[in-house]
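Let's take a look at the pockets in this one. Here is the structure to keep open while you read.

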Amino acid sequence: MRRASRLKMASAYLADPEMKSLAAGLPAAELFPIARLSGSVLMPKSEPERSSGSWKGDGLLTETVMFDKDKQSTQRGSTKYDLSKALQYEQGSGARQLLSFLKEHTKHIHNPKFLDWDCTMSGGNMQAIETIFRMLVTAGDYVIMEEFVFPETADCLRPMRCKPLPIPIDEFGIRVDLLEEVLSSWDFTTRGAKRPTVIYTVPTGQNPTGVTMNVARRRDLYAMACKYDMIIIEDDPYYFLQMPKYQRNRENWISVPKSNKDFLESLVPSMLSFDVEGRVLRLDSCSKVVAPGTRCGWITGSNQFIERILRHNEVSLQAPSGLSMAVLHGLLVDCWGQDNYLNWLVNLRAEYTIRRNAILDAMEDYLPKDIVSWVPPTAGMFVWMELDYEKHPLKEELSIEALEYKIYEESVVNKVLILPGGWFKSSEFSRPRGMYFRATFASVSQDIMRLAIQEFAQIVKVSYKK
Ligand code: PLP
């Protein structure tokens, strides 16, 4: 069992200005060769600026504000987190000045109901997932997951000699009824393992299927976790990218919530928000709402888990990068504050909604609907398509996965990159139920997205004529 780092405990005394420390192995701050870090930050549209309630893809405000940090900025009172701190070793929970902002945000959004909740910073959700699996599973265990997942999550279980246990999903998320069947009939001898104690799930804009679990399903899943004494890992990087339902025929503007309060009320509640037993570990990431290169996120949960994660950070990550935390602190604390961060999230989801609408318009326009079907996503960055395998002329010769891969290769030859669903299977042993493809609407221009879908439609049509 990991014990607390004695070096980190001793360094807590450094906060006392009268302490004459010969203890900590900290390099001299005056010798750090970076003297100053300043950044120019985009200001999001504020509530009054978007009060007409419409958005035409007119972007975030171009007005910028600056943050500026040197090694004495804290002494001068211009920031609470300066370079003498950011460039130095840090506690495993991350910079306190940034963490307290994230904790306040978490309290405002999710308002956890159990008393001993806490947050610690991570190096992004992937790092958090790996850490939490290490903490909660032992060799031979199964972990409950959606049948399709972000592949790295299932892959990181392999060296731990644990296995994903895939549960089918529908348009409302993980099929809790099927999960119950698995749990209630669990037999140690036939399974060769104890009943699973961990559920890993992406409840909002699931990667790769784009599905958002509705509130009823979330409550059912939580109830199941309580009944069978399980921990839920709520990996939720797309939480704030929840969008209004897609409509084909609409005006050329989208409606945005007039107030941040309206925005928050429009979001499906997280499982953390109704957890009363401290069994949800919620993962938030800066990757999709600020930038993946920050490599920062935070974990919220019961203090007994957070303390263990902290101990693990002490012997692995140490802390997220100080430079990255300095930039995030400059952005979130020095320049924006809580309200502007929410304004930013409202703005961001408006921009992604426009992109989501553009790809769905193109799909409606070009894809052959007798072959391709999809559920319009209401969150995230992905749309998941099913191609009717039964209608393909080669179905007697090629398996679902072989055919999926063949269409993928034909797409690549035609310079369209769209990923085969089989790559996202959480368990390599599960039999595919259909032929799927994942497209993202996040990163390319609307014109390119439209062209890609048009060409993919052509590839599908040709493939089905063979
Ligand atoms: N979890 C899911 C569901 C993801 O889609 C991703 C990235 O795409 C990650 C985790 C990794 O996120 P991070 O950049 O925070 O490590």
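What volume does the largest pocket have? About 1200 Å³. Of the 44 residues lining the largest pocket, S11, L14, L26, Y89 and Q91 are the closest to its centre.

Quick housekeeping: this is a predicted model, where local features need pLDDT of at least 70, side-chain atom pairs count only at pLDDT 80 or more, and totals for chains, interfaces and linings use all residues. Residues are numbered from 1 along each chain as its sequence is written, and side-chain values use heavy atoms, with hydrogens and water left out.

A pocket here is an open set of points on a 1 Å grid over the protein atoms alone, where a 1.4 Å probe fits, with protein on both sides within 12 Å along at least five of seven lines; lining residues have an atom within 4 Å of a point. The volume is the space filled by probe spheres set on the points, which are joined across faces, edges and corners.

Back to the largest pocket: α1 (6–11), α2 (73–76), α3 (83–86), α4 (96–110), β4 (117–122) and α12 (303–314) each supply at least two lining residues. The largest share, five residues, is from α12. (Helices are DSSP runs of H or I with at least four residues, strands runs of E with at least two, numbered from the N terminus.)

The second largest pocket comes in at about 700 Å³. Its lining has 32 residues, and E171, V211, T212, V375 and P376 are the closest to the centre. Elements giving two or more residues are β7 (169–170), β14 (372–374) and β15 (382–387), with the largest share, three residues, from β15.

Here are the linings by class (Ala, Val, Leu, Ile, Met, Phe, Trp, Tyr, Cys and Pro are nonpolar, Asp, Glu, Lys and Arg charged, the others, Gly among them, polar):

| Pocket | Lining by class |
|---|---|
| Largest pocket | 17 nonpolar, 16 polar, eleven charged residues |
| Second largest pocket | 17 nonpolar, eight polar, seven charged residues |
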